[in-house]
Amino acid sequence: MSAVCALRARAVCRRLLPAVHSVRRAHSLDVAAPLLRTQAYINGGWTSAASVFPVLDPATGEELVRVSDCGPGEAKRAVDAAYEAFHSWKQFTAKERSLVLRRWFDLMMRHKDDLAKIITFESGKPLSESVGEILYSASFLDWFSEEARRVYGDIVPSPFKDRRMLLLKQPVGVASIITPWNFPSAMITRKVGAALAAGCTVVIKPAEDTPLSALALAELAEQAGVPEGVVNVVPCSRENTPSVGQVLCTDPLVAKISFTGSTATGKLLLKMAADTVKRVSMELGGHAPFIVFDSADLDRAVRGAMASKFRNSGQTCVCSNRILVQSGVYEAFLQKVSMAMDRELKVGHGMEPSTTQGPLINQRAAEKVAHQISDAVSLGAKVLKGGSRLAGSFVEPTLLADVTTAMLCAREETFGPVMPVLRFDTEKEAVAIANATNVGLAGYFFSRDVSQIWRVAEALEVGMVGVNEGLLSAAEGAFGGYKQSGLGREGSKYGIDEYLHVKYVCYGGLEP
């Protein structure tokens, strides 16, 4: 980094540090006592482990609470409890399961403010976004409470006069639910809502950075009348994660694994699941292209880019990671997005009402982003906005111009507030750049050419496409990717199928 950039970074740090110290004094995790749980939840009871681990506020680095650090013993107890509960839970009628999920949804809505505070303190997310996550999270319980009653089988026309053919759908069994820190509530309900609606039971292992949201959800599940053993939560530290994960992915009583996280970790879990041939669904890494064609409504494209790129400080799996702008509007786009960044983005603690950009989850994440910025600059990129690593795990929202495909930020998922803008000349070139990756979760493009819209939407090798839209997640939509971005789908009418067997029944001996 140049001397000028270094001086600027120190100056910004000096501006930010007083704010960080003030939020330490001004903000505390003040939520209703039953929701702030620190023990594991196994077989309907709150259970301590032999040790604890700290949960930190990523904005300040200060310890919030200490949480039970589960090991393989607690994980095995949770699996056993879920297996035992499965035999009774699957006998509940679809309507009965639906009503339980609906009560859970109602409780989430009633406590949405406290649940949002928990997210903000343990993940750093601005409070307004945390409230949005709770609404999104609750929507999956609402959706799957309805889908529980629509698990239809089939009556198949038989080619034989003396037989009738039926296809039944039945729950697969115990599901291990392994979730990330960036959406600590929604990634749980998106999986667990479908699992419980189908008649499965679950063991949840939340991310070590954000266990409090999972435990709060367990508290509300209990209040909603979810029976003992149907939902279990085993929080653990980074050190205990491998041994706990080993149990959840290899125990013969586990029938299904659902994981959201990195592609590298997903591959490890797949290998562990292979020996017992478990059902697996995975939502893995993304590297989303965001294409702006000459025909685009440029103001709408800028709004879409801002929403897609800077939500949760760039820490979402469907964030725009590579901004591809056609030559005819390249300079105008840079000017407009630069002005939007000045106008809309403010770094700070998530509890500050004006904050739009919180910290990254930890200092390792900030170091990765800073490395991508320095790599791009060393290869000729221009820093138009930001570019600096700030105090703690904060990073300035950054706009890079003259980015090429040789730079790390164009080849690897960033997971931070960096907008790298590449120039292209033709539609064919843009699609080739967009598809030149081994992952394919989401993609976005902006165009007013109807023929081009159909061509590009069909050509992009991704599981989800936003056309003239930067935010595409909804419980009703099928969430999932192509290539190494994962297996299966979550949400939508297809999400519940990940937790169901299809059984063929042939009823013979009938008189024609």
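I looked up Leu196 and set aside its neighbours within four places in sequence; Leu196 is in contact with Trp89, Arg97, Leu101, Trp104, Val202, Val226, Val230 and Val231. Contact here means heavy atoms within 4.5 Å. I note that this is a predicted model, where local features need pLDDT of at least 70, side-chain atom pairs count only at pLDDT 80 or more, and totals for chains, interfaces and linings use all residues. Residues are numbered from 1 along each chain as its sequence is written, and side-chain values use heavy atoms, with hydrogens and water left out.

I then turned to the largest nonpolar core, which has 64 residues. Such a core is a set of buried Ala, Val, Leu, Ile, Met, Phe, Trp, Tyr and Cys residues joined through side-chain atoms within 4.5 Å. Buried means under 20% relative accessible area (1.4 Å probe, protein chains only). Leu196, Trp104, Met108, Val192 and Val202 touch the most other members.

Next I checked helix 7, residues 211-224. Helices are DSSP runs of H or I with at least four residues, and strands are E runs of at least two, numbered from the N terminus. Helix 7 is largely enclosed by the rest of the structure, because 12 of its 14 residues are buried. Among them are Pro211, Glu219 and Ala224. Just after helix 7, Gly225 takes a positive phi of about 95 degrees.

Last, I looked at strand 18 (residues 442-446) and strand 19, which run parallel and are joined by four bridges. Two strands pair if DSSP finds at least two bridges between them. Tyr444 has Gly466 of strand 19 as its bridge partner.

Note on methods: Expected span 1.5 Å × (residues − 1). Buried < 20%, exposed > 50% of the residue type's maximum accessible area, 1.4 Å probe, protein only.
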